[in-house]
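This briefing sets out the architecture and the charged side-chain contacts of one protein model. It is arranged by topic for readers working from the coordinates.

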Amino acid sequence: MTDEAIALLAPRIGTRAAGAVSGVPQATWYRRHRPAPHRRAGRPGLSPLNPAGPYYKTGCVDPVVPVVLECSGLRKSFGGRVAVDDVGFSIAEGEVYGLLGPNGAGKTTTMRMVCGLLIPDAGSIKIAGRDAIGNLEVKRDIGYVPQDVALYPDLTARENLEFLGRLHGLGGKLLAERVGEALNLTDLADRGNDRLDSYSGGMKRRLNIAAGLLNHPKLLILDEPTVGVDPQSRHAILDRVQEFGRQGLAVVYTTHYMEEAERVCTRVGIIDHGRLVAEGTRRELVSRLGAQDRIELTATGDPEKLADVARSVPGVTSAAVADHAVHLIAPDGRHLLPALLEAAEAAQAGVTSVDVVEPDLEAVFLHLTGTALRE
């Protein structure tokens, strides 16, 4: 188990458990020193995952729908480097909010502050209406799924979830119900008795998500949950995320994959160099471009030189290089193609392919930041 997972469960971990994770082999410790079931029946109220509870569907923060997460003016520096600079957003029940940006943009640092793993230098965080900074009790309302799989490879999936559930104070019939529910929600019920080290990368990711659901959180944070998984597993994870939103959970989904944000998120915040440069629904963000198109040029020669030449063509509003191609934003892109091809020929760049596509989030990112999304 990672230090992050231990810290997030701090309100529920006793000294024996905390020491065991860092010293004794995990499977040995777990099987010999299983914590006694907690006698509390669970906190009152209906869970967002409870079929008897309220369900909400929303594409924006509606005043009628309870707001689960409110962040304002968040700032965090490491030495002289500002990682997060004046970031603020809010998320309601039933909403999947995508935090979209390249690696190093500040996504994970922001989520670590929301979870209480980092203390902000400035700003405020409220979860379910309660101040979250320095408040351990608020962690009960959070399900955190980190980038790294925070599970024990020498335990079965069920044993992993039972152990983590007891750290949340669950026990007896309630624990068994929660473990079964989490395995079903992530389509792993038929592999619950298999050891984690027999799982594929995609299955480990799904079990990582299952662990974040055990406490029936009000806020589920998924930090790059599809990194390194095969296309089939990725598709399954994205389907589950959409279902979580439909079932009433407030979900934060961080990613640097444009297509994932477009597919699963009801609203998207674009973050770059630590600043939230825009947020809104996909339609709202794309509308910022007006009638502008995105043009992709692939050519022989130096793509940076081609991008410089393309910027001089009247009508081109931005140009950047990514994946050995030149990405342009321009109104009425098809009418600009003759001028662009002439400019490329003058720069001794042989254009091998041209693609004009209607605006999408990639075009919005290019328009707002002046660069293509980098990994």
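This is a predicted model: local features need pLDDT of at least 70, side-chain atom pairs count only at pLDDT 80 or more; totals for chains, interfaces and linings use all residues.

**Sheet pairing and helix packing**

- Strand β3 (residues 96-100) pairs with strand β9 (residues 267-272) in the parallel sense, and the pairing extends over 4 bridges.
- Within this pairing, tyrosine 97 is placed opposite arginine 267 of β9.

**Overall composition**

- The protein chain contains 13 helices and 14 strands.
- Of the 375 residues in the protein chain, 50% are buried.
- Among contacts in the protein chain with a separation of 6 or more, 72% are between residues 24 or more positions apart.
- The accessible surface of the protein chain is about 16400 Å², and carbon and sulfur atoms contribute 49% of that area.

**Salt bridges**

- Side chains of opposite charge can pair when their charged atoms come close. A search of the whole structure finds 18 salt bridges.
- Arginine 75 and aspartate 85 are joined by a salt bridge between their side chains, at 2.8 Å from N to O. This pair links distant parts of the chain, with arginine 75 in strand β1 (residues 67-78) and aspartate 85 in strand β2 (residues 81-92), 10 residues apart. Arginine 75 has a relative accessibility of 31% and therefore counts as partly exposed.
- Aspartate 141 and arginine 130 form another salt bridge, in which the closest N and O atoms are 2.8 Å apart. Here too distant parts of the chain are linked: aspartate 141 sits in the loop between β5 (130-131) and β6, whereas arginine 130 is in strand β5, 11 residues apart.
- Aspartate 141 is buried, because its relative accessible area of 3% is under the 20% limit. Arginine 130, at 35% relative accessibility, counts as partly exposed.
- Glutamate 243 forms a salt bridge with arginine 246, and the closest N and O atoms are 3.0 Å apart. Both residues of this pair lie in helix α8 (residues 231-246), 3 residues apart, about one turn of the helix.
- Arginine 246 is partly exposed at 40% relative accessibility, and glutamate 243 is partly exposed at 23%.

**Cysteines**

- The structure holds 0 disulfides. A disulfide is a covalent bond between the sulfur atoms of two cysteines.
- Cysteine 115 counts as buried, with a relative accessibility of 2%.
- Cysteine 265 has a relative accessible area of 12%, so this residue is also buried, the limit being under 20%.

Terms used
Residues are numbered from 1 along each chain as its sequence is written. Side-chain values use heavy atoms; hydrogens and water are left out. A disulfide is a pair of cysteine sulfur atoms within 2.5 Å. Buried means under 20% relative accessible area, exposed over 50%, partly exposed in between (1.4 Å probe, protein chains only). Helices (H or I, at least four residues) and strands (E, at least two) are DSSP runs, numbered from the N terminus. Contact means heavy atoms within 4.5 Å. Accessible areas come from the Shrake-Rupley method with a 1.4 Å probe; for residues, only the protein chains shown count as cover. Two strands pair if DSSP finds at least two bridges between them. A salt bridge is a side-chain nitrogen of Lys or Arg within 4 Å of a carboxyl oxygen of Asp or Glu.
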